[in-house]
Every structure is written in structure tokens, then in C-alpha cells.
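Hello,

Here is the structure I promised to pass on to you. Have a look at it first, and then read my notes below.

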Amino acid sequence: MKRIFITFGLILATAVVSFGQTAIVGGTTFDQKEGYDDWGWDFSTVEQLGPAGNTLAANLTYLEDGNSIQKGGHWVCVDNPFKLGTNENDETSIYVDEDDAMFVTNMTGTACTKLFSYTVNGLKPGSAYKVTMRVWVVSTATPSLGYFGGMTVGANLNQYMQAAEGGVAKSLEGNSFATGTYQDVTFSGTLTSSQTSMTISMMEGYNGSKNTVIGIPI
């Protein structure tokens, strides 16, 4: 099971760390906390790793019921994206059958739309960091991301998908995706001498297909 992991070097003073190791200062599997068993859930019941105080956010509308997310402009956390597009007998779906909790959202077709963000607080200025995550195209039917479409993920991105000081921008091109597949993404950077937090974001690129459904299981 992949996860979003944000790891910092030993100079970071936000977690208990053995010498020569790195500290996991944030992360999530998007699994729901123990004691809950919902069809779908929002971030209030999502398990997180690392110290308290980190925050998850999504910019579209939370999906309140079991209707297909393909209707547009929604997000939800589920234990398998297959359930989002099933018929009444749960026999068919237009989404990948992946038994793994994930955040799922659909693209709007509007460049620079922020789909997801994760803010990590309480960091030591000047620390080096590394982020790993997995991004799925959970749709198994068209529309796809499109040859020239894509997304940008990174740390401390501005509204134009450019990295501000202490940040990193990484482009995920649509022609390297296929429907029902994923990419593992890793990027690294260094905070400035005054930064004590960072925000990891996923944003829509240019020429993407509206209502392509994507997921992050880690």
C-alpha cells in the first residue's frame, strides 16, 4: 500500500528520530480511522501519520451519496474507487477495481484548478524534505487525460502552478498515463531559512479532459 510520505532529515526537530535516520513528519493512507465504517468519508475521519497539526483540504464539492463521481466537480475518500460507478447490482464500473483506500476527485477541464492540498506544520527552517505519492487515473473509459493534458504536483505552488521559495513543481504529463494506471511520484526540496510549514498540492494542467477521475491512495 503506497502512502503520501513527507520525510525530513535529522536537522528537523518535529519528531523522535534515531541517529542516521529520517523523520516522517506527515502522511496519510486515506484509510478511515478505527471505529468508522462509512461508504465514503471526508478528511475529518482520515488517518494521518506524523505529529498532530497537519491539514488535508480539497477544493471541489464533497460527494454526499453513492452517485457516480463522473457527474463532475466532486471528491470523496473510499476504500475502492470501483464502487463509485457501479450499477445497482455492483456488477460493472467505469473505474479501476483497486482494493485500497484513496482520495478520489475529478478534473474540471480548467487549468490551474487546485484539486488537493496537504499542509505540514511545525517544521524547522532550512530543512531538506522528500515527498512520495502515487497518482491513479482511476477511470477505465474515456475521457482520458489527453495527450497534452496533465497535472502538476509539488510543494508551495502558487496559483499558476509555479513553485514559490522553498518549493518544487513537478509535471505529470497525460501522454505518460493510460486509463486505469498510476504513476509513483517523488520530489525533493529545501525550506527557506524562515519557513516552518509547507503545502503539498495537486493542480490541473493545461488541455486536460473534463471529468477525468483521478485518485491518490497514499
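Searching the whole structure turns up 10 aromatic pairs. Here, rings of Phe, Tyr and Trp (its six-membered ring) pair if their centres lie within 6.5 Å; planes under 30 degrees apart count as stacked, over 60 as edge-to-face and the rest as tilted. F43 and W75 make a stacked pair, with 4.5 Å from centre to centre and 25 degrees between the planes. This pair connects distant parts of the chain, 32 residues apart: F43 is in the loop between β2 and β3 (46-49), while W75 is in strand β6 (residues 74-78). Strands (E, at least two residues) are DSSP runs, numbered from the N terminus. Both F43 and W75 are buried, that is, under 20% relative accessible area with a 1.4 Å probe and protein chains only (exposed is over 50%, partly exposed in between). Ring pairs also join F30, F43, Y62, W75, F103 and F116 into a cluster.

A word on the source: this is a predicted model, where local features need pLDDT of at least 70 and side-chain atom pairs count only at pLDDT 80 or more, while totals for chains, interfaces and linings use all residues. Residues are numbered from 1 along each chain as its sequence is written, and side-chain values use heavy atoms, with hydrogens and water left out.

Next, please find Q32 in strand β2 (residues 23-32). Is Q32 buried or exposed? Q32 is buried, with a relative accessible area of 13%. Its side chain makes a polar contact of 2.8 Å with the side chain of D38 and another, of 3.1 Å, with the side chain of T45. A polar contact is a pair of N or O atoms within 3.5 Å; within protein, one must be able to donate a hydrogen and the other to accept it, and residues adjacent in sequence count only if both atoms are side-chain atoms. Leaving out residues up to four places away in sequence, Q32 touches D37, D38, W41, T45 and E47, where contact means heavy atoms within 4.5 Å.

Finally, there is an open sheet of five strands, in the order β4-β8-β13-β10-β11, with antiparallel pairing. β4 (55-58) and β11 (163-173) are at the edges with a single partner strand each, so one side of each has no neighbour in the sheet. Two strands pair if DSSP finds at least two bridges between them; β10 (residues 150-157) and β11 pair over seven bridges, in the antiparallel sense. One of the places to look is G150, whose bridge partner in β11 is E173.

Enjoy exploring!

Note on methods:
Helices (H or I, at least four residues) and strands (E, at least two) are DSSP runs, numbered from the N terminus.
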